[in-house]
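Please open the structure in your viewer and keep the sequence panel beside it.

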Amino acid sequence: MGFRRTLFLSHMVLINLVSLTIAQTNFLSYVCNDNTSTSAYRTNRDALLSSLANNTDQYGFYTSSTGENPDKVHALVLCRADKLDVCRECINNSTAKLTELCPNGKEAIGWRDDCMLRYSNKSMEGVMQPEPSYPVWNVQRNVTNVEQFKDVLVKLLESLGDRAAAGGSRIKFASGNETGPDNQKVYALAQCTPDISESDCSRCIKGAIDDDIPNFKLCCVGPAGGRIIRPSCHFRFELGPFVGEIPGSTATPPWSTATPPVSTATPPPVTGGCRGLNGRAVSMAAVLLNFIGLAFVLNLLI
């Protein structure tokens, strides 16, 4: 009886922990550096971050800095090239939430589905940054032939990485599809921040493929979808189409001048793991570890 009660209470705690974590962050992942900043640094940070959405170009990218050393702040934003209609909204949401989650640190990065935000006391423009690298897997569906699927996926991602890298200084983005096992179409995209060189973009994408795709079957016995997110690049793949329209080079920004409201949408269920984190990070793995520990304590008390 005691065990059943413990199991029930633990199950309720897990539901609440997961709901609370998603509601509080709304990021796929975020990282905070614990180096304490000064009030002057935080003033410069807040002023810079408040300017990002309005200054982001029509391709969904912007980088800038403000202040003087040692309180100088650098920031960078990148939106998915097929999601420019929600670019400003995503940046504003990220700015508000990341400073709430990381109020005092000198460095932070947050990834949402549609954009990425970074700030630091170190210059980042033109610098390829492969870490932290964070895999996020779609655990709702697995492929039947893992090795064949992996071979097709790697070929597709390598091709998209080369195409994205060759995209120029305004946008480095590519999407496409390939026929996988059982005649299923595998859809994917790859993107780099356009400030890095072609060779650095290729190295970033290739490094993510080499580091994470060979091990993806260890996560969920071959997830049918997922993504790898890094500061300088990311890619995503699914068994269904998910990429939107890419504006042409003469396109005007697809957003209005009004500041959109902060979104309260909850992201779909994902799971992942962090690597190379120099600071604090929150993921579903951390929630599960908290759940296991709390279940153990409850079992001792009941």
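How much accessible surface does the protein have, and what percentage of that surface belongs to carbon and sulfur atoms? The accessible surface comes to about 14500 Å², and 53% of this area belongs to carbon and sulfur atoms; such areas are computed by the Shrake-Rupley method with a 1.4 Å probe, and for residues only the protein chains shown count as cover. This is a predicted model, in which local features need pLDDT of at least 70 and side-chain atom pairs count only at pLDDT 80 or more, while totals for chains, interfaces and linings use all residues. Residues are numbered from 1 along each chain as its sequence is written, and side-chain values use heavy atoms, with hydrogens and water left out.

**The whole protein**

Among contacts (heavy atoms within 4.5 Å) with a separation of 6 or more, 76% are between residues 24 or more positions apart.

**Helix H5**

Next select residues 198-212, which form helix H5. Its 15 residues should span 21 Å at 1.5 Å a residue, and the end C-alpha atoms are 21 Å apart, so the two values agree; the expected span is 1.5 Å times one less than the number of residues. Colour the buried residues of H5, which include Asp 200, Cys 201, Cys 204, Ile 205 and Ala 208. An α-helix has 3.6 residues a turn, so residues three or four places apart point the same way.

**Two cis peptide bonds**

Move to Pro 70 in the loop between strand S2 (61-66) and strand S3 (73-79), where the peptide bond from Asn 69 to Pro 70 is cis, with omega near 10°. Then select Pro 132, in the loop between strand S5 (115-120) and strand S6 (134-137); Glu 131 and Pro 132 are joined by a cis peptide bond whose omega is about 0°.

**The loop between S7 and S8**

Finally, select Asp 182, in the loop between strand S7 (172-179) and strand S8 (185-192). Asp 182 has a positive phi near 60° although this residue is not glycine, and Asp 182 is exposed, with a relative accessible area of 60%. Asn 183 lies in the loop between S7 and S8, has a positive phi of about 60°, and counts as exposed at 70% relative accessibility.

Note on methods. Helices (H or I, at least four residues) and strands (E, at least two) are DSSP runs, numbered from the N terminus. Buried means under 20% relative accessible area, exposed over 50%, partly exposed in between (1.4 Å probe, protein chains only).
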